Amino acid sequence: MKKYGMIIDLKRCVGCHACTISCKMENEIPEGCFNTWVEEWDTGKYPNVSRVKLPKMCNHCVDAPCIEACPVDATFAVEGGIVVVDEEKCIGCGACVSACPYDARYMNSATNKAGKCTFCIQRAEAGMMPACVSTCISHARFFGDLNDPDSEVSKLMAENKTEGLKEELGLELNVKYIGLKDALKNGEPEERYRGGK
């Protein structure tokens, strides 16, 4: 059985935000709402200062709190583990938005329904990469079947140390990062650029 996942190599991300823009265009995300975004901040002390670029999105948790929080079962995981929202069922209560520990869900201002990243399921089902992956100019994002040992994402996980955000929550994430420990060695500052959020 397939298990879709994404690997983001933070050493390659240049913070160009092409992922954010291509996602908004592909999925017709209204102004002020984001399926993916890139947070940035400076770290270190002069003269050893660097800029952290941390793309964020729904982590497609196996034990997704948003699924449990939805009172009408509008949020669920499809085969392959992609967490989606059935807009016909969604009553716009926002329980899933409050339940997400990653601030990765939002209320769509155009539909008054919950919105989130779907790994561009419409593209994945057609054998294409998500828009954010296909437009990444530095090839920092990788997408594929985590259960296929020959997939690029599986090989990257085997060859690199990968970590997810807030893994201490035990939600079994399907989005992992290469270089996350280095990026967060000084923590995430409260004040940072949040990719337009």
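# Strands, rings and cores

Me: This is a predicted model. Which residue in strand 10 is the bridge partner of E163?
Reply: Look at how strand 9 (residues 162-163) meets strand 10: the two pair in the antiparallel sense over two bridges. For E163, the bridge partner in strand 10 is Y177.

Me: And strand 1 against strand 10: parallel or antiparallel?
Reply: I8 also has its bridge partner in strand 10, namely Y177. Four bridges join strand 1 to strand 10, and the two strands run parallel.

Me: V175 and Y177 point one way from strand 10, so which residues point the other way?
Reply: Side chains in a regular strand alternate between the two faces of the sheet. Strand 10 covers residues 175-178, with V175 and Y177 pointing one way. All four are buried, and the ones pointing the other way are K176 and I178.

Me: Let's do rings. How many aromatic pairs are there?
Reply: The test is ring centres within 6.5 Å. By that rule, the number of aromatic pairs is two.

Me: Is the Y4 and F143 pair stacked or edge-to-face?
Reply: The centres are 5.3 Å apart and the planes are at 10 degrees. Planes under 30 degrees apart count as stacked. So Y4 and F143 come out as stacked.

Me: How many residues apart in sequence are the parts that this pair ties together?
Reply: Y4 lies in strand 1 (residues 4-9), while F143 lies in strand 8 (residues 141-145). Because of where they lie, the pair ties together parts of the chain whose separation in sequence is 139 residues.

Me: Is F143 buried or exposed?
Reply: Buried means under 20% relative accessible area. F143 has 7% relative accessibility, so F143 is buried.

Me: What kind of pair do F119 and F143 make?
Reply: Their ring centres are 5.1 Å apart, with the planes at 65 degrees. Anything over 60 degrees has its own class, so this pair is edge-to-face.

Me: Which residues form the aromatic cluster?
Reply: Y4 pairs with F143, and F119 pairs with F143 too. That gives one cluster of Y4, F119 and F143.

Me: Which residues touch the most other members of the largest nonpolar core?
Reply: That core holds 42 residues. Elements giving it two or more residues include strand 1, strand 2 (36-45), strand 3 (48-57) and strand 10. The residues touching the most other members are M6, L54, Y102, F119 and Y177.

Me: How many residues does the second, separate core have?
Reply: F142, L146, V153 and I178 are among its members. The total for this second core is six.

Me: Last one: which residue's backbone nitrogen lies 3.0 Å from a polar atom of the D9 side chain?
Reply: D9 lies in strand 1 and is buried, with a relative accessible area of 12%. Not counting residues up to four places away in sequence, D9 touches A140, F142 and I178. The backbone nitrogen at 3.0 Å belongs to K11.

How values were computed:
Residues are numbered from 1 along each chain as its sequence is written. This is a predicted model: local features need pLDDT of at least 70, side-chain atom pairs count only at pLDDT 80 or more; totals for chains, interfaces and linings use all residues. Side-chain values use heavy atoms; hydrogens and water are left out. Rings of Phe, Tyr and Trp (its six-membered ring) pair if their centres lie within 6.5 Å; planes under 30 degrees apart count as stacked, over 60 as edge-to-face and the rest as tilted. Buried means under 20% relative accessible area, exposed over 50%, partly exposed in between (1.4 Å probe, protein chains only). Two strands pair if DSSP finds at least two bridges between them. A nonpolar core is a set of buried Ala, Val, Leu, Ile, Met, Phe, Trp, Tyr and Cys residues joined through side-chain atoms within 4.5 Å. A polar contact is a pair of N or O atoms within 3.5 Å; within protein, one must be able to donate a hydrogen and the other to accept it, and residues adjacent in sequence count only if both atoms are side-chain atoms. Contact means heavy atoms within 4.5 Å.
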